[in-house]
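Hi,

Here is the model I promised to send over.

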Amino acid sequence: MNPLTAALDIEASELLPKLESIYKDLHRNPELSMQEVRSADVTADYLQTQGFEVARRVGVTGVVGLLRNGEGPTVMLRADMDALPVVEATGLPYASSVRVRDEDGAEVGVSHVCGHDLHMTWLMGVARILSRHRDAWAGTVLAVFQPGEEVGLGAQSMIDDGMFERFPKPDVVLGQHVVVGEAGTVGYRSGVILSAGDSLKVKLFGRGAHGSQPQTAIDPVIMAAATAMRLQTIVSREIAPTDNAVLTIGSLHAGVRENIIPEDATLRLNIRTTDEGVRATMLAAVRRICCAECQASNAPREPEFTTISSFPVTRNDVESTERIALAFKAQFGERAYETEPAGASEDFSLFGRAWQVPYVFWFVGGTDAETYARAKAAGQLNTLPNNHSPKFAPVIHPTLGAGLQAMLTAASVWLCNPARARHGTLRPREET
Ligand code: ZN
Ligand code: ZN
């Protein structure tokens, strides 16, 4: 029996209703990336009541809670806090009705349609169990609530704010995400579990003129069109068919009137890859092609490249994942499964990368079991509202309990292993 999930079993009847109301409160009060002031206060206050040493405003709104419990490994547990600029359409009684102004002054809805409210609630519940049952484990726990995951800025902002100098280096970094999948199931994977995601803005410069006198212009519309077509040859002609790569130009803008040749054109593109080498090849090829097309058009200056966001590949440490997978199977039985890599991206891995320690990220299903089974039988899993959809709404039970179990189970691999605690090295956990 796992000592940490056994502790959860003892607490569950009292703890779950409390966490449910915390979850609904967070859900009703979502905040955009890098503005998670209230969420940070809720999580930091909670950690403090559980006896954690708490640091606030680490990297804008980040929260780090530290709980020392004798000799043993240090485990970092991470949750993200930000919501999205989406008008919620779940129809839930606790749906968000929050509206804010974005940078351009336009009114936008805000909602937790990526489930980060659940991630915060999970980590708070885990903190509570660890704090109340210190006899069940040994070591040090870092509970990290990070801002700005959706924009890829939060983890880096915490690192830049001296996180590594201020807190002990963990032996492992653990994180989890709610996804479409049968509620209560847990999906793990060794190696790549999430893609790298790179978004770029490319501005191409021409020379504006009257539409009737093309000889006096350098037409950025043609330049942009040729560039858009040629960029599609990167995946088809420069990347091996066995490698994963996607390049999408999601936005292309130039001009306002049919008889004015505009001054410039702007492309916004998104790249997804699962290998650092392929990623580097793609990024270099984008630059090369954009520059060459501009030269071909006799552009007056080089194109301007702006990084909109950049997420590295999330590559789970193989040995650590195998150990967690064994523990998941013991805890969840059939409900633990090996997942395919997802096309989405995360900045979670930055902590493990920068600290040069293993990291493991996994998925927890949040779709009502009956709804999921019906969609699966009808071959319509793709129609279920996914993360970022205005209708994304994980069912609270059993998703809430499953996320608590999953994180406690994974943490127990390090925190409840006396051999590892003594020697500080990885050892297979002995069955008791
Ligand atoms: Zn998201
Ligand atoms: Zn997310």
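This is a predicted model: local features need pLDDT of at least 70, side-chain atom pairs count only at pLDDT 80 or more; totals for chains, interfaces and linings use all residues.

Asp219 caps the N-terminal end of H6, with a side-chain oxygen 2.8 Å from the backbone nitrogen of Val221. (A polar contact here is a pair of N or O atoms within 3.5 Å; within protein, one must be able to donate a hydrogen and the other to accept it, and residues adjacent in sequence count only if both atoms are side-chain atoms.) Helices (H or I, at least four residues) and strands (E, at least two) are DSSP runs, numbered from the N terminus.

Residues are numbered from 1 along each chain as its sequence is written, chains are lettered from A and ligands numbered from 1 in the order in which they are written, and side-chain values use heavy atoms, with hydrogens and water left out.

Back to H6 (residues 220–238): its 19 residues should span 27 Å at 1.5 Å a residue, and the end C-alpha atoms are 26 Å apart, which agrees. (The expected span is 1.5 Å times one less than the number of residues.) Its buried residues are Pro220, Met223, Ala224, Thr227, Ala228, Leu231 and Ile234. Buried means under 20% relative accessible area, exposed over 50%, and partly exposed in between (1.4 Å probe, protein chains only). The cover over those residues includes strands E10 (196–205) and E12 (245–254) as well as helix H7 (276–296), where contact means heavy atoms within 4.5 Å.

Now the metal. Cys114 (SG), His116 (NE2) and His177 (NE2) coordinate the zinc ion (ligand 2) at 2.1 to 2.5 Å. His116 lies in helix H3 (residues 116–132) and His177 in strand E7 (residues 172–182), so the pair ties together parts that are 61 residues apart in sequence. Both His116 and His177 are buried. Cys114 also coordinates the zinc ion (ligand 1), which is 3.1 Å from the zinc ion (ligand 2). Donors are N, O and S atoms within 2.8 Å of the metal (3.2 Å for Na, K and Ca); water is not among the atoms, so sites may look incomplete.

On to the aromatics. Rings of Phe, Tyr and Trp (its six-membered ring) pair if their centres lie within 6.5 Å; planes under 30 degrees apart count as stacked, over 60 as edge-to-face and the rest as tilted. That gives 7 aromatic pairs. One of them is Phe328 with Phe332, edge-to-face at 5.9 Å centre to centre and 85 degrees between the planes. These two are 4 residues apart in helix H8 (residues 318–332), so about one helical turn separates them. Phe328 counts as buried at 0% relative accessibility, and Phe332 does too, at 4%. Just after H8, Gly333 takes a positive phi of about 60 degrees.

Elsewhere, Phe348, Tyr359, Phe361 and Phe363 form one aromatic cluster, and both Phe348 and Phe361 are buried.

Two arginines also meet rings: the charged end of Arg287 sits over Phe305, 4.3 Å from the ring centre, and Arg301 lies over the face of Phe205 at 3.9 Å. The rule is NZ of Lys or CZ of Arg within 6 Å of the ring centre and within 35 degrees of the ring normal.

Last one: Asn69, in strand E2 (residues 62–69), has a side-chain polar atom 2.9 Å from the backbone oxygen of Arg134.

Cheers
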